[in-house]
Amino acid sequence: MMQARRFRARVAMAIAVALVGAGLVSEAAAQVRGTIFGPGVRQYPVAVAELKSLAPASGRSELATMFADIVSRDLELSGIFRVVPRSAHIEKADSSGITTGTINFGDWSVIGALALVKGSYHIEGDRVRVEARLFDVFQRRLLVGRNYHGKVANMRRMAHRFADEILAQLTGERGPFDSRIAFASTRAGRFKEIHVMSLDGGDVRQLTFNQTINLSPAWGPDGSLLFTSYQRGNPDLYRMDFQAGSVERVAFGPGLNLGGEYSPDGSRIAYSSEEHGNPDIVLAKPDGTPISRVTDSWAIDVSPSWSPDGKRLAFCSNRAGGPQIYIADLGSGRPQRVTFSGDYNTSPAWSPKGDLIAYVSRVGGRFHIFAVKADGSDARQITSGAGDNEDPSWSPDGRYLVFSSSRTGAKKLFVSDVTGGPAVQLTHGNGDDTSPAWSRWLD
Amino acid sequence: MFKWRLRAATIPVLLSVLLTGCPRTPQDVDSEFGRETGETDVFAEEGVSPGGSLDRFRRGQEGTYQDGADANQGPLRDVYFAYDSFDVSEQMRDQLRANADWLRNNANVRVELEGHCDERGTVEYNLALGAKRARATKEYLVALGISATRLTTISYGEELPVCYDANESCWSKNRRVHFVTRGE
C-alpha cells in the first residue's frame, strides 16, 4: 500500500516536472518570438558548427568554415543571438552526424547553447549540395531543415538564406540577410563610385568606373539600380540594368536629378528636379517620361521616400525655415509636416512595413538616426554616441537600418535594429562608404 | 597583263581586311552585376566643365588653397554664405557688383555658377542647398543687368570642398558660389 502510494507520488512528480519543463521551453521560445523589439532576450545562445564534408577527398574545406562564418555573423547581426565561440565546441563535425540520433546534445548543452546549427555539404564539379539543420538542444529535436542545390559560387547565398530561415523559425519573421546593399564609396580612389555587396561584406563589387561623383543608389523591384552621376558633367539620373549589363540615362534636366526612388510596384520613380527652377519632387515613368509635379513651393524639396502602398511620399523640405520631414498624399492635399523636434531633419526613409519613417536629425551639433510614426508621433533616437550618422535605409523585413557613420573616423556602414541596440560595423578598409541602399530579398 | 590582273585581285582582298579589321571577342558581361559596357568617354559628351571644380578634382588639383581663399579663382571671385542659408547677404553684394562689372566689360564670357556647402549636414540636402545658392547668385546678377543666358548653375553640395578641416575657418570657405568662366 505504502509502495503504491509512493510510486503514484513519484509518477505525479515526474509528470509535474515534465509539464513544468515543457512550459519553460515554450516560454523561452515565446520570449524570442515576442520580444525582439524589447530589452531582454538579446543574447539567445546558439552554436554554429562547421559543415561536415560528405566527400572529404574533394577538398574545399574552407567552404565548411565559410558557411558557418556567414550564418554566425548573420545571427549576431540580428541582435538576438549570442554565438558560442567555435573554440568551445566539444563535438567535432566530421565525427558526428546531422540527425537527432547522431548528435551528442549533451556536448552542446554543456557549453550553454540553446540552439545548434549543423549541416553537411557535398561538392561535385562546380555544384554543391548543402543540408543545413537547426536543432533545439534542450528538446533534442529538429526545428528547421533545408537542403540546397546549386553552384559552389552561390554557397554564400545559401548560408544567408538559412540564417533568414532561422530567424523565421525563432522570431516569426523571415530574416533580411539574403539581400544586398548598394552604396557609394571612395575605397577605389578619390571618387565616389557605386558599389554593391552582400551582407557578409565578402563580395564587394564596383559598379561604376566614371571617375566623377556618383551618389544615392536606389533599388528597383526587378533588381535594377537608380543612381545620380556627374559623369556627363550635370547631376543626372541613371538606371543600371544588371541583367543586360547596361547603364542608361533616365532624367537629365538642367540642374539636380537627385534621390531617385522607385515606387514599390516599380511603375513610377520619384526624384528631386530643378526643371521648374527650384528643387522640387517630381514623378516620372522609369524611363524618365514626366508624369507630374508633387511639390511646387519656393522651398528646397528633396529626398523622396515612398510609403509601402505607393500612395504617399515622405520628403525633406525647408518651407518652414529649416529642413523638416513632410508627407505628401499623391491623391490630393497639402503636404503634412511630420517632424516637430529639432531644427534640422532630413533624409526620410519609409519602412517597408509602413509603420515607421527613419530620418536624420541634428542633435547638439551631431547627426543621429531617428524614427517616427507616419502620423508624427513617438519619435525615438536610434543612434547615439560619437560621430555623425546619416543615410538610413531599411532592411527588407523592416526591422533593421543600415546607415553611414563617422564614429570610427572615416565613414563606414553600420547596421542597427530599430530598437536602438548596439550598431554593428559592416564595412571596413579604405575610403568613405556612404549612401547605402538595402535591397529587397534576392528571390 | 598578268601584273594588272594580280593587282586587281588583291585590291578587294586588301579592302576587306582593312574594313573588317581583326576579329573581336565579345565583351564578357557578368549577368548578375554588369559593368558599364558601352559608356563613352566623359570628355566626348557634354562634359565636365573645363576649369571647374569637378574638372580640377579629376586632375588632382582640388583643394588648392592660398591666402584664405580658393587659389583657382579668376577675375570673378567667390562669394560666401552663412550656415544653412542661401540668402545673398550685404557682405556678398560688393563682390557680386564687382563681378557684374567685370562681366559687363567682357560681354562674350559665359559663367557657370557652382554652389557649394560645408561638410556638415546631409549629402542630398546639401546638394539642394548648393543649387539654391547658385540660383540666388544668378538672380542677383540678373537683377544687376547681366543677361540670364550667360549664366548657368550647378551644385556640388559638400562633394568638392576647398579645404578639409573640421572647423569654422574651413567651413566658411566651403560655403561658397564659385565662378567658372567659359567661352572667352
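Start by selecting strand β7 (residues 180-185) of chain A together with β30 of chain A: 4 bridges join the two strands, which run antiparallel. Two strands count as paired if DSSP finds at least two bridges between them. Strands themselves are DSSP runs of E with at least two residues, helices are runs of H or I with at least four, and both are numbered from the N terminus.

Before you go on, note that this is a predicted model, in which local features need pLDDT of at least 70 and side-chain atom pairs count only at pLDDT 80 or more, while totals for chains, interfaces and linings use all residues. Residues are numbered from 1 along each chain as its sequence is written, and chains are lettered from A and ligands numbered from 1 in the order in which they are written.

**Stop 1: the sheet around β30**

Zoom in on A:Ala184, whose bridge partner in β30(A) is A:Thr434. Now widen the selection to the whole sheet, an open one of 4 strands in chain A with the order β9-β8-β7-β30 and antiparallel pairing. Which strands stand at the edges? They are β9 (205-206) and β30 (433-438) of chain A, each with a single partner strand, so one side of each has no neighbour in the sheet.

Look for A:His195 and its bridge partner in β9(A), A:Gln206.

**Stop 2: two loop residues**

Next, pick A:Gln211, in the loop between β9 and β10 of chain A. Its phi is near 55 degrees, a positive value in a residue other than glycine. A:Gln211 is partly exposed, because 18 other C-beta atoms lie within 10 Å.

Then move to A:Asp378, in the loop between β24 (366-373) and β25 (380-381) of chain A. Phi is positive for this non-glycine residue too, near 60 degrees. A:Asp378 has 10 C-beta neighbours inside 10 Å, so A:Asp378 counts as exposed.

**Stop 3: a pair of helices**

Two packed helices are described by the angle between their axes and the distance between the axes. Select helix α2 (residues 61-77) and helix α4 (residues 155-171) of chain A: their axes come within 9 Å and cross at roughly 40 degrees. The axes are lines fitted to C-alpha atoms over the stretch in contact, with angles from 0 to 180 degrees between N-to-C directions.

Show the side chains where they meet. On α2(A), the residues include A:Phe67, A:Ile70 and A:Val71, and on α4(A) they include A:Ala159, A:Phe162 and A:Ile166. Residues are in contact if their C-beta atoms, placed from the backbone, lie within 7 Å. By class, the contact of α2(A) with α4(A) has 11 nonpolar, 1 polar and 2 charged residues. Ala, Val, Leu, Ile, Met, Phe, Trp, Tyr, Cys and Pro count as nonpolar, Asp, Glu, Lys and Arg as charged, and the others, Gly among them, as polar.

**Stop 4: where the chains meet**

Color the two chains separately. Here 42 residues of chain A are in contact with 33 residues of chain B. Among the strands of chain A that each supply at least two residues of this side are β10 (214-219), β18 (301-306) and β30. By class, the side of chain A that touches chain B has 17 nonpolar, 20 polar and 5 charged residues.

**Stop 5**

Chain A has 4 helices and 30 strands, and buried residues make up 49% of its 443 residues. Chain B has 5 helices and 6 strands, in the sequence pattern α-α-β-β-β-α-β-α-β-α-β. In chain B, buried residues make up 34% of the 184 residues.

**Last stop: B:Met92**

Finish in helix α3 (residues 90-105) of chain B, where you will find B:Met92. With 20 C-beta neighbours inside 10 Å, B:Met92 counts as buried. Setting aside residues up to four places away in sequence, B:Met92 touches B:Val79 and B:Tyr80.

Terms used: Contact = placed C-beta atoms within 7 Å. Buried ≥ 20, exposed ≤ 12 C-beta atoms within 10 Å, placed from the backbone.
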